[in-house]
Each structure stands twice: as C-alpha cells, then as structure tokens.
Amino acid sequence: MGRIVFISHRHDDLVPTIIKKVPEAVALTSFKFEIQRGDILCWLPTVNEFVDDEVQELAELIDHSLFLPSKIVMLSIAGTADDATNQQLQEWYGQQATQAVLAHQYAVKMIDEFELPYTIIRALPITNEKTSLKVVSEGNALEGKEIGLGQVAQIIEQAVTTDDFRNQSIGIVP
C-alpha cells in the first residue's frame with residue numbers, strides 16, 4: 001500500500017485530527033507533487049474553495065503521473081446529490097450556496113469520470129462540537145444543521161483505510 005496523501009487548505013483542526021488517527025499520512029496544500037505507487041489521495045476542500053479549478057489541477061496531476069492513485073476520497077458539501085433543499089443550502093452556506101454547490105458538483109463529476117476507485121463524503125457544515133453520526137446513501141435527504149469535526153474525521157479515516165465506501169457518494173449527518 002502507498003501513502004495516504006491529504007490535500008487541504010483548511011484552517012480548522014480536521015487534518016490534524018485525521019493525522020492523529022492515520023499517522024503515516026502526508027499532508028500537502030496542493031496537487032503539485034508526484035503520485036507514488038499505491039497512493040490514496042484525500043482531498044479536503046472548504047465550502048468556498050474554487051474546487052472547479054482545483055479539480056483541473058488534480059486531472060493534470062493524474063494525466064502526468066507515472067502511477068495512478070489507488071483511490072480518491074473527496075470531502076464535499078451537502079447539496080451535490082439533490083440531497084438538500086435550496087432553503088437548507090442557504091441556511092448552511094449563505095448567499096454563495098448555489099455557486100458552491102455547482103462547483104462541488106463539477107468536481108465530483110470529474111472525479112467520477114477519472115474511472116478510478118473513489119469515495120465522495122457529503123457533509124453538513126462542520127462544527128467543533130461532538131455530534132452523533134449517521135451515514136446516508138445517495139438519493140436520501142440530509143437533515144440537521146452541523147456535523148462534528150471528530151465525526152467527519154472518523155468517516156474520512158474509514159474511507160481512506162478501508163474499502164467500505166468504494167465508488168460511493170455518502171452523506172454524513174448527526
């Protein structure tokens with residue numbers, strides 16, 4: 001097995017929390033690196049990142065790599081799988097909700113088109129408070145206000161260290 005490579009610009013404690021659970025992982029801030037044999041890529045963008053542009057950087061990395069990633073895991077926002085109403089999206093993400101959802105939908109579609117094993121994790125806004133955790137399959141509505149950072153880290157750890165959610169888009173709610 002290769003490395004687990006986290007790509008993130010986050011300023012919260014998500015990456016440090018996951019690294020504690022997966023200490024052999026590497027944390028980077030861009031897709032400007034060389035994929036090694038067996039690497040699992042775990043992309044953890046924020047709500048307002050330009051994920052539609054960043055996924056192009058991911059595509060370029062894959063196109064120019066000697067080795068393909070063994071799996072791609074992406075943390076996405078709720079709303080990308082017709083799993084939330086416009087009202088919910090506005091409450092969660094504010095006025096930029098529509099643009100954020102469209103950008104994340106595009107990134108998810110691109111990852112699907114790579115035809116590599118993947119997991120998309122659709123999460124509500126993340127809070128530092130501990131919450132309950134429920135995994136919801138694609139096509140089911142996401143309910144709640146926020147999901148705990150520790151619970152998000154738990155699902156990401158499971159996605160990168162097992163095949164439990166292989167080629168699935170899952171939602172996580174309290």
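Tutor: Strand S5 (residues 118-123) runs parallel to strand S9, and five bridges link the two. Two strands pair here if DSSP finds at least two bridges between them. Strands (E, at least two residues) and helices (H or I, at least four) are DSSP runs, numbered from the N terminus. Within this pairing, Ile-120 faces Ser-169 of S9.

A word on the source: this is a predicted model, in which local features need pLDDT of at least 70 and side-chain atom pairs count only at pLDDT 80 or more, while totals for chains, interfaces and linings use all residues. Residues are numbered from 1 along each chain as its sequence is written, and side-chain values use heavy atoms, with hydrogens and water left out.

S9 also pairs with strand S7 (residues 134-137), this time antiparallel and through four bridges. There, Ser-137 stands opposite Ile-170 of S9. Buried means under 20% relative accessible area, exposed over 50%, and partly exposed in between (1.4 Å probe, protein chains only).

Now look at the loop between H5 and S9, where you will find Asn-167. Its phi is positive, about 55°, although Asn-167 is not a glycine. Most residues other than glycine have a negative phi. With 40% relative accessibility, Asn-167 is partly exposed. The loop between H4 and S5 holds Glu-115, whose phi is likewise positive, near 60°. Glu-115 is exposed, at 73% relative accessible area.

Finally, follow helix H5 (residues 149-161) to its partner, helix H1 (residues 14-21): their axes lie 9 Å apart and the packing angle is about 50°. Axes are lines fitted to C-alpha atoms, for helices over the stretch in contact, and angles run from 0 to 180 degrees between N-to-C directions. On the H1 side, the contact uses Leu-14, Thr-17, Ile-18 and Lys-21, and H5 brings Leu-149, Val-152, Ala-153, Ile-156 and Glu-157. Contact means heavy atoms within 4.5 Å.
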